[in-house]
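I opened a new structure today and kept notes as I went. The entries below are in the order I looked things up.

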Amino acid sequence: MSSFLRLLAAYRPWALGLLALPVLLAGCRHDVVVVPAYDNYFPVEVGTYRTYAVADSSWLKGALTVSNYQFRERVTEQFADAAGQPAYRLVRSKRPNSAAGWVDDSAFVVQPMARAVVVTRNNIRTVALIYPVQANKGWNDMAFSASPDTITSLTRFYGPNVAAPYTVPAAQGQPAVTYPVTVTTKTTLDGGIDDVNALYQRGLQQVYASGTGLVQRRRFSHNTYYLLPDNSTKLTPGVVQDGYSRFEVLIDKGTI
């Protein structure tokens with residue numbers, strides 16, 4: 001069984017509704033689920049771009065340092081992958097502020113499929129989204145690179161609210177924007193269902209808007225404690241002591 005089919009099997013209990021090949025559904029007619037049309041939460045079109053305001057925060061022994069800059073992700077070409085499936089190349093550029101010029105930073109590949117969106121970055125394929133969207137459902141975002149014994153691990157989840165409005169905050173002089181139809185995903189970075197507790201917080205949260213794509217992303221890994229001279233732990237609830245956070249907000253999109 002391929003990695004993608006194992007992924008779908010892990011996205012239970014309604015995975016049979018995702019299997020499009022009739023041969024796979026033979027003999028299982030009573031389990032077939034009618035799949036509804038999905039909202040396009042990750043649109044890609046050659047010549048388009050999205051610009052994000054980025055804030056990198058780092059803590060060292062309670063001292064906070066913040067760096068602000070911008071990312072731009074533009075769709076530069078469409079091509080066929082090794083299996084003949086359509087794929088899109090996106091180039092990420094970086095600049096310190098809106099007055100500076102863009103400098104290309106990296107590139108990655110996006111494959112929007114009928115049942116999933118797959119992103120390849122640094123030769124690692126991850127499953128960004130699974131369709132149809134359902135509240136609180138999970139899948140393995142590393143299904144294409146995970147070993148067989150971990151293929152069914154659930155590492156990325158939809159939030160409790162789908163097709164719901166969401167407001168991204170104002171950033172770098174741009175006003176707050178409310179998107180009427182969005183979905184939020186949460187990724188666990190340490191393999192646990194909940195990586196947020198009193199001692200440490202780890203995670204990746206992404207918000208996608210229908211017809212727009214990614215509008216907000218927050219990756220964080222920080223601790224709310226420090227070690228005393230006797231090696232005991234001092235907990236500081238709500239006060240970060242060590243770690244980092246990156247917060248990205250969509251501030252512009254269009255056609256080049």
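**Ground rules**

I am working with a predicted model, where local features need pLDDT of at least 70, side-chain atom pairs count only at pLDDT 80 or more, and totals for chains, interfaces and linings use all residues. I number residues from 1 along each chain as its sequence is written, and side-chain values use heavy atoms, with hydrogens and water left out.

**Whole chain**

I looked up the secondary structure and found two helices and 14 strands. Helices (H or I, at least four residues) and strands (E, at least two) are DSSP runs, numbered from the N terminus. Next I checked burial: 41% of the 256 residues count as buried. Buried means under 20% relative accessible area, exposed means over 50%, and partly exposed lies in between (1.4 Å probe, protein chains only). Then I looked at contacts, meaning heavy atoms within 4.5 Å. Among those between residues at least 6 apart in sequence, 49% join residues at least 24 apart.

**The sheet**

In what order do the 12 strands of the open sheet lie? I read β6-β5-β4-β3-β2-β1-β14-β11-β10-β9-β8-β7, with antiparallel pairing. β6 (124–130) and β7 (138–139) are the edge strands, each pairing on one side only. I took two strands as paired if DSSP finds at least two bridges between them.

I then followed some neighbouring strands.

- β1 (residues 48–60) and β2 (residues 63–80) run antiparallel and share 12 bridges. Asp56 stands opposite Ser67 in β2. The two strands form a hairpin with two residues between them, and Lys61 in the turn has a positive phi of about 55 degrees.
- β2 and β3 (residues 86–95) are antiparallel too, joined by 10 bridges. Ala80 has Pro86 of β3 as its bridge partner. Five residues lie between the strands of this hairpin, where Gly84 takes a positive phi near 85 degrees.
- β3 also pairs with β4 (residues 103–112), antiparallel, through seven bridges. Here Arg89 is partnered by Val109 in β4. I noted that β3 is mostly covered, with seven of its 10 residues buried.
- β10 (residues 200–209) and β11 (residues 213–223) run antiparallel with 10 bridges. Leu204 has Arg219 of β11 as its bridge partner.

**The core**

I searched for nonpolar cores, which are sets of buried Ala, Val, Leu, Ile, Met, Phe, Trp, Tyr and Cys residues joined through side-chain atoms within 4.5 Å. Which of the 36 residues in the largest one touch the most other members? They are Phe42, Val110, Leu129 and Tyr208. β6 gives the most to this core, with four residues. I listed the contacts of Leu129 beyond four places in sequence, and among them are Tyr41, Phe42, Trp139, Tyr158 and Tyr208.

**The pocket**

I looked up the largest pocket and noted about 680 Å³ of space in it. A pocket is an open set of points on a 1 Å grid over the protein atoms alone, where a 1.4 Å probe fits, with protein on both sides within 12 Å along at least five of seven lines; lining residues have an atom within 4 Å of a point. Grid points are joined across faces, edges and corners, and the volume is the space filled by probe spheres set on the points. The lining has 27 residues, and Arg121, Leu204, Gln206, Arg217 and Arg219 lie nearest the centre. β1, β3, β5 (116–121), β6, β10, β11 and β14 (242–255) each supply at least two lining residues.

**Two residues**

Is Gln206 buried or exposed? I count Gln206 as buried because its relative accessibility is 5%. Gln206 sits in β10. Its side chain makes a polar contact with the side chain of Tyr208 at 3.4 Å. A polar contact is a pair of N or O atoms within 3.5 Å; within protein, one must be able to donate a hydrogen and the other to accept it, and residues adjacent in sequence count only if both atoms are side-chain atoms. Beyond four places in sequence, Gln206 has contacts including Arg156, Thr185 and Arg217.

Ser221 lies in β11. I count Ser221 as buried because its relative accessibility is 19%. Ser221 and Gly243 are 22 residues apart in sequence, with 5.6 Å between their C-alpha atoms.
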